[in-house]
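Subject: Structure handover

Hello,

Here is the structure you asked about, with the sequence alongside. My notes come after it.

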Amino acid sequence: MEPTNQKFLEKVVSQKALQMGSSFPCQICVLGFLCGVCLTSLFLAALTSLGTIGFSGISFSSISTGISPCNSSSEMINVATSTDCKSKVKETERRVDSLLRETEHDDERVTLLTEAWGALLADTEPGQSEFLQRFGLSKSSVPNAPHLENCKLSVQVNKHLDTRSGAGKFPPWTTWKGSLDMYPATAVDKNIRSFKRQAVSDGAYPPWIVGSDEENYPLTRKVQRDIWIHQHPINCHDSNIKFLVADWEKLPGFGIGAQLASMAGLLAIAINEKRVLVTEYYNRADHDGCKESRNSWSCYFFPETSQECRDCAFELMRSKEAWEKGIIKGKDNYKSKEIWVGKIPRVWGDPWRYLQPTTEINGSLIAFHHKMDRRWWRAQAVRYLMRFQTEYTCGLLNIARHAAFGKEAAKMVLASIDHEWPKVIMNKPKSDIEEFVWSNHKPWVPRPLLSMHVRMGDKACEMKVVEFEEYMELAQRIRKRFPYLNNIWLSTEMQAVIDKTKLYPHWNVYYTNVTRQVGNISMATYEASLGRKTSTNYPLVNFLMAVESDFFIGALGSTWCFLIDGMRNTGGKVMAGYLSVNKDRFW
């Protein structure tokens, strides 16, 4: 009876279970459970993959789902997904490792190229460079450095443009620039030679002036031509030629700016009295770097007159009669006032009356001030005195650009050549267009470039001194108009200013690597601590970098900034404007 009852009970339970299992709610629950198991398995597999990639090696593949190992569909899904994810993880790891190796390789190539350029700069005989030999490189296998200038070639070309040819002929100031005048076909062509002579007679302008008349101070191109002719007479031994021979200012405390302002006054006197200016001792060139040009302005820039006139003037200095007749004069023949604030040459009328109002102070353009004539003339005089750089100065600029922009230049170059350099080297000769046409292009710098000269320290006794933050406010104003401006070339004597650049991470700030002032000491004391060579070289580099920059912020109360402004306004940058934190103290 008992077995029969048990079977009957099992039958009833089975029928009840079958009824429940066939009901719709139960089916939904079972289906939901199975789907949940599947989704959970997929989710855990995905986490395993993401964890390996995104969480620095933390893996979720060892986490158990709590499901007993049985021949279920969820187990098969887990096994398939785990295998697939492991292969993807390994593939991703291989890609990351490959990218890291490529990045390390690229970094090594950038460093190698940067150092190779540096070795070529440092070596007087590049073919003998130990660095290049160590890496199996030669000068010809090192890609061209876009930020460096061929100083020897530049000086060669500029000497050609600064020298009268045979029989007192005018230099080849024509529409040709750079090395194009040396192209063999143009050198022998009769029609071209005839055009050159016609261009000279019609008043060809000197090649050191960039831009049109509208982009420079009024009459700049004509004035520069006339000054050159005045300073380079056809025959220096002509009895009608008179000379003014003068040393550069050398009193303690006189900076380079004051020396240039003084020499501009002497050049004005020479032009007014129809004398050829001949400069003699330049104390800032009294160092070993200048070698054969020691003690001379020609260490840094081309001389103010021809060697013939210099020799003639020095010969006349030994003649008592020449002094008595006034054929030759020196600085001692003139009062200090005549030199510093003497008569401005009026050979060209009064072009300063037409200066464009492009200087802004306190939010307003300066349309007129009481020293416009002196501002115009000093710009012309300094532009002439600095018209061409020597090989030494060119080399200083190369070193500064390489220190600041070398790595950026290397990255650009390596992105444009064979990826296997230096293993694969392509030595191709220069084409004519590279050698003769593109030779005139200036060295690369990251543009647009804003130059900023922050003058503080002992200058407070002469002008209103403002903090670095105010200069940066002006920089931000320029950036608001030109949002692609990111680069600043900063020149300052104060270490505190350099330290503050860290507060402006969204700017790329470049500056020369030199010891700067800590605390407030006199400029003379600071320069003495640097030594004659460094205290002259690094300011001149900053000066010339400011002249070539796209924008400039400074303090017109500083003679240095005043002269930078003049060089920019005779260098095709009038319309770039000038934002000053103060005005000149004499305006």
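Below are notes on the disulfides, the nonpolar cores and one surface patch. Please keep in mind that this is a predicted model.

Disulfides

The count comes to three disulfides. With the bonded cysteines counted along the chain, their pattern is 1-6, 2-5, 3-4.

Cys151 is joined to Cys394, with an S to S distance of 2.1 Å. This pair links distant parts of the chain, since Cys151 sits in helix 5 and Cys394 in helix 14, 243 residues apart. The torsion about the S-S bond of Cys151 and Cys394 is about -80 degrees, so this disulfide is left-handed. Cys151 counts as buried because its relative accessibility is 9%, under the 20% limit. Cys394 also counts as buried, at 3%.

The sulfur atoms of Cys236 and Cys309 are 1.9 Å apart, and the two residues form a disulfide. The torsion about the S-S bond is again given as about -80 degrees, so the link of Cys236 and Cys309 is left-handed. Distant parts of the chain are linked here too: Cys236 is in the loop between helix 8 and strand 1, while Cys309 is in helix 10 (residues 307-316), 73 residues apart. Cys236 is buried, with a relative accessible area of 1%, and Cys309 is buried at 0%.

Cys290 and Cys299 form a disulfide with their sulfur atoms 2.1 Å apart. The link of Cys290 and Cys299 is left-handed, with -80 degrees about the S-S bond. Cys290 counts as buried at 5% relative accessibility, and Cys299 is buried at 3%.

Which cysteine sulfur is nearest to that of Cys312, which is in no disulfide? It is the sulfur of Cys236, 6.4 Å away. That distance is not within 2.5 Å, so Cys312 and Cys236 do not count as a disulfide.

In soluble globular proteins, nonpolar side chains tend to be buried together. The largest nonpolar core in this model has 76 residues, and those with the most contacts inside it are Tyr300, Trp377, Met386 and Phe543. Among the elements that give two or more residues to this core are helix 5 (151-161), helix 8 (220-231), strand 1 (242-246), helix 13 (372-385) and helix 19 (532-548). Helix 9 gives the largest share of this core, ten residues.

What is Trp377 in contact with, leaving aside its neighbours within four places in sequence? Its contacts are Ile227, Ala264, Leu267, Ala268, Ile271, Ile344, Pro345 and Trp348.

Another core, of 23 residues, lies apart from the largest one. Among its members are Val466, Ala475, Ile488 and Ile553.

Surface patch

On the surface, Ile433, Val437 and Trp438 form a nonpolar patch, and together they have about 280 Å² of accessible area. Ile433 is placed in helix 15 (residues 432-437). Its relative accessible area is 40%, so Ile433 is partly exposed: the value lies between the 20% limit for buried and the 50% limit for exposed.

Regards

How values were computed. Residues are numbered from 1 along each chain as its sequence is written. This is a predicted model: local features need pLDDT of at least 70, side-chain atom pairs count only at pLDDT 80 or more; totals for chains, interfaces and linings use all residues. Side-chain values use heavy atoms; hydrogens and water are left out. A nonpolar core is a set of buried Ala, Val, Leu, Ile, Met, Phe, Trp, Tyr and Cys residues joined through side-chain atoms within 4.5 Å. Buried means under 20% relative accessible area, exposed over 50%, partly exposed in between (1.4 Å probe, protein chains only). Helices (H or I, at least four residues) and strands (E, at least two) are DSSP runs, numbered from the N terminus. Contact means heavy atoms within 4.5 Å. Patches are made of residues with over 30% relative accessible area and no salt bridge: like charges are joined within 9 Å, nonpolar side chains (Val, Leu, Ile, Met, Phe, Trp, Tyr) within 5 Å. Accessible areas come from the Shrake-Rupley method with a 1.4 Å probe; for residues, only the protein chains shown count as cover. A salt bridge is a side-chain nitrogen of Lys or Arg within 4 Å of a carboxyl oxygen of Asp or Glu.
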